[in-house]
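Let's take a walk through this protein chain together, from its overall layout down to a few side-chain pairs. Keep the viewer open as you read.

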Amino acid sequence: MLSMPNVSPSGPPMAASPLTVAVLEIDEYISKLGWDQPARLFALVDTARLRVQEPGLAAQLGLDDDGSKSAALTPIEQEELPAGTALDEFLATIAWPDAVVGCAMTVERLMLPPSAEASVPDGLNEKRLTEWVAEHPDRQEVRMTVAVLRDGARESAVRLREKDSASEVLTGAGLVPGLAEALAATFES
């Protein structure tokens with residue numbers, strides 16, 4: 001398990017929700033690792049509750065005792081995803097303990113601008129479509145960080161490889177709805 005450092009002073013605005021802060025904190029952490037990273041899964045826990053219920057773990061994660069420098073949510077990286085397992089199949093196996101109030105995932109993908117989507121040839125299977133997108137001159141590499149809470153709240157951050165700067169990260173609840181739905185399903189009994 002690994003906790004992310006808190007967002008730097010140049011991080012999100014003071015009015016940002018705890019979930020937005022957590023998403024941007026994860027995005028910043030992953031950006032320091034560089035591109036071409038595997039998908040990563042994070043549990044989101046209530047920082048104050050963690051300090052009370054697991055003081056040893058909180059100290060190990062470097063969480064401030066008085067909470068003045070800690071975010072409301074603490075992302076805790078989970079073990080690596082099994083190699084060769086499809087993301088949707090893997091997520092279908094997840095069950096979170098009650099102490100986990102949310103989860104987040106980062107994935108890198110190739111995307112096409114809407115103008116290029118009209119030129120996708122008909123009848124391509126998933127493998128051939130992936131190859132076609134990878135060869136397209138207008139493809140863009142993106143890193144998506146998506147988080148959901150048990151209460152249904154969602155947030156996403158999208159970073160383009162060609163604009164790899166914290167000031168260029170796009171945020172919004174509905175940017176990656178498919179992944180948000182899959183993450184939310186991990187909390188269904």
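We begin with the whole chain, and then turn to one helix, its charged pairs and its rings.

This is a predicted model, in which local features need pLDDT of at least 70 and side-chain atom pairs count only at pLDDT 80 or more, while totals for chains, interfaces and linings use all residues. Residues are numbered from 1 along each chain as its sequence is written, and side-chain values use heavy atoms, with hydrogens and water left out.

The chain contains 7 helices and 7 strands; here helices (H or I, at least four residues) and strands (E, at least two) are DSSP runs, numbered from the N terminus. Their order along the sequence is β-α-β-α-α-β-α-β-α-α-β-β-β-α. Of the 189 residues, 41% are buried, where buried means under 20% relative accessible area, exposed over 50%, and partly exposed in between (1.4 Å probe, protein chains only). Among the contacts (heavy atoms within 4.5 Å) with a separation of 6 or more, 67% join residues 24 or more positions apart.

The buried residues of α1 include Leu19, Val23, Asp27 and Tyr29. Just after α1, Gly34 has a positive phi of about 90°.

Now for the charges. Side chains of opposite charge can pair when their charged atoms come close. The whole structure holds 8 salt bridges, each a side-chain nitrogen of Lys or Arg within 4 Å of a carboxyl oxygen of Asp or Glu. One of them joins Lys32 to Glu28, at 3.5 Å from N to O. These two residues both lie in α1 (residues 18-33), 4 residues apart, about one turn of the helix. Lys32 counts as exposed because its relative accessibility is 61%.

Where does the salt bridge between Arg40 and Glu77 lie, buried or exposed? Its closest N and O atoms are 2.7 Å apart. Arg40 belongs to strand β2 (residues 40-46) and Glu77 to strand β3 (residues 73-77), so the pair ties together parts that are 37 residues apart in sequence. Both Arg40 and Glu77 are buried.

Another salt bridge links Asp164 and Arg159, with 2.8 Å between the closest N and O atoms. Salt bridges with shared partners join Asp27, Arg159 and Asp164 into one network. Arg159 is buried, at 4% relative accessible area, whereas Asp164 is partly exposed, at 38%.

Finally, the rings. The structure has 2 aromatic pairs: rings of Phe, Tyr and Trp (its six-membered ring) pair if their centres lie within 6.5 Å, and planes under 30 degrees apart count as stacked, over 60 as edge-to-face and the rest as tilted. Tyr29 and Phe42 are edge-to-face, 6.3 Å centre to centre with 90° between the planes. Tyr29 and Phe42 are both buried. Trp96 and Phe187 have ring centres 6.2 Å apart and planes at 25°, so this pair is stacked. Trp96 sits in the loop between α4 (87-91) and β4 (100-111), and Phe187 in the segment after α7 (177-185), 91 residues apart.
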